[in-house]
Protein chains: 2
Amino acid sequence: MMRTAVIGLGLIGGSMVKDLRKAGITSSIVGVDANEEHGKAAVALGIVDSVAPLEKALSNAELVIIAIPVNAIQKILPTILDLISPTTIVIDGGSTKAQICKAVESHPKRNQFVAAHPIAGTENSGPTAAFNGLFKNKMNIICEPGKSSERALTIAGEVFNALGMNVTFMEAEEHDKHVAYVSHLSHVSSFLLGQTVLDIEGDEKNIFTLAGSGFASTVRLAKSSPEMWAPIFQQNARHLKKALAEYISHLQKFQQYLIDDEVDKLYDTMKQANEIKRVLQGIELKDQISKTEPIVK
Amino acid sequence: MMRTAVIGLGLIGGSMVKDLRKAGITSSIVGVDANEEHGKAAVALGIVDSVAPLEKALSNAELVIIAIPVNAIQKILPTILDLISPTTIVIDGGSTKAQICKAVESHPKRNQFVAAHPIAGTENSGPTAAFNGLFKNKMNIICEPGKSSERALTIAGEVFNALGMNVTFMEAEEHDKHVAYVSHLSHVSSFLLGQTVLDIEGDEKNIFTLAGSGFASTVRLAKSSPEMWAPIFQQNARHLKKALAEYISHLQKFQQYLIDDEVDKLYDTMKQANEIKRVLQGIELKDQISKTEPIVK
């Protein structure tokens, strides 16, 4: 049982401590959030026992979880490491890892920090979006494990195990590169699809009339929080620019096939894209398991 | 009760006659499909009573439903009108309407035809994908209703009512223009996202490890049938090219913000895209109703 501080009381931080409390990992939970309303809601919802300013929350914590936008993590992480006791363990949940790791690479307490990316979420945000089981059977990527102490990795392992997550390890740059293609690009694609359709279809009634479940699925991520995503895109700009350039180039090639009436090439492109079925079957399988199995400590 | 012929035994045609039989609209159902395996499967699944060649199937039909790729509809529709009796009604389900309507605009039996687009589907295809309730509470767009007889519109109305659909009317060109943005563009965006990620991530293990439910949702339509979609894109190329050019231009603008490190503009773009929430709430509401209410005739 650990006295826990959670910085950021949104979907990720809130869902995490809900599960940790249920699993008996935490003895007490104090929350920190710049948004006073979120703090009040988190207390009212029983997500945290109390809220406090950062310094006070850290003074007594054995475990610190950071779940705020990645630019804020990068900025505040050195201060958090300054303030914690020599036995406190800090885990972040940022979707980019290179700049966050760089911000503390030569910090004397670097080995008390575990750089993690839990691959889970919904398009909703804030403490009211938090729920038990969000992380069940999802992947958690730990970056630069060699820079964390064995004790830090062991405690992080217990935390992720309590959340029901599968852990894998990656270098921070590798992580950021792959996640640009597999996660960040799909968010950009969805945000811009939403914006394009809203821009063109002045009369929203047409969207409502003609949109089916396919449109809803493709544009779902356009509901995501700009507060969270703008810093992710900025921090991962180098890899995301490359991913986006590739995507635009594929779209332009498709556009040229349309212009040239090359229906066979349209067909071949889609046939290639169909190969994604194999990957999606795997993801659906993960989701299914996650829905049917109870949380195991 | 009508003797019914259904041309095309896939997801749309199969699901349609399953509901029509259940609602007591059909007395017998004969199927036509170029794919012999699909014909056999449809009989085995009880979707149709028998299969027959086109001419034989039409010889006795009072109601004809056409649910094949749009280029095949355009090609075969004049022949079907040639072959039917003076009282038979023909309804198609093509996702584009201008070229199909044009193919029969001066046909003497044009008024026995109702040009329809049921906005429903899944990313799966073939007779095994057919299911009861696919169309419940979904929209059906009838194009050029002035060119169909009152009797044809009445019968089509009964059919769509039995499917639980809401009907609205549009000119064919208007329909094709709006549907390019709201449906066809999201399919292109998803197909090309799938292809881009597969192209870049040589090792599919990375996709599997890093992909969450967000990626799965955005790329879901990339599983759709190229046989069905290549002809749709070709027929709607004029409008789709414009929609795709707009989408590419929005993506390029976003790319420039990334290059220039204009994080405020990234933020503003996403904030605008968030407006899609209102539209999605409406679509989810439709879906919810569709899942909780029994089929009413």
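Tutor: Here's a walk through the contact between the chains, starting with the ground rules. This is a predicted model, where local features need pLDDT of at least 70 and side-chain atom pairs count only at pLDDT 80 or more, while totals for chains, interfaces and linings use all residues. Residues are numbered from 1 along each chain as its sequence is written, chains are lettered from A and ligands numbered from 1 in the order in which they are written, and side-chain values use heavy atoms, with hydrogens and water left out.

Now the contact (heavy atoms within 4.5 Å): chain A puts in 90 residues and chain B puts in 90 residues. Between them they bury about 8,900 Å², and carbon and sulfur atoms supply 70% of that; buried area here is the accessible area (1.4 Å probe) that two parts lose on being put together, summed over both. On the chain A side, A:V182, A:L210 and A:K223 lose the most area to chain B, together 8% of what that side buries.

As for polar links, 26 residue pairs across the chains are in polar contact, both at pLDDT 80 or more (a pair of N or O atoms within 3.5 Å; within protein, one must be able to donate a hydrogen and the other to accept it, and residues adjacent in sequence count only if both atoms are side-chain atoms). Helix α7 of chain A, residues 172-200, gives the most to the side touching chain B, with 20 residues (helices are DSSP runs of H or I, at least four residues, numbered from the N terminus). There are also two salt bridges between the chains, meaning a side-chain nitrogen of Lys or Arg within 4 Å of a carboxyl oxygen of Asp or Glu. One of them joins A:K271 to B:E227, at 3.6 Å from N to O.

Technical notes:
Helix = DSSP H or I, 4+ residues; strand = E, 2+ residues; numbered from the N terminus.
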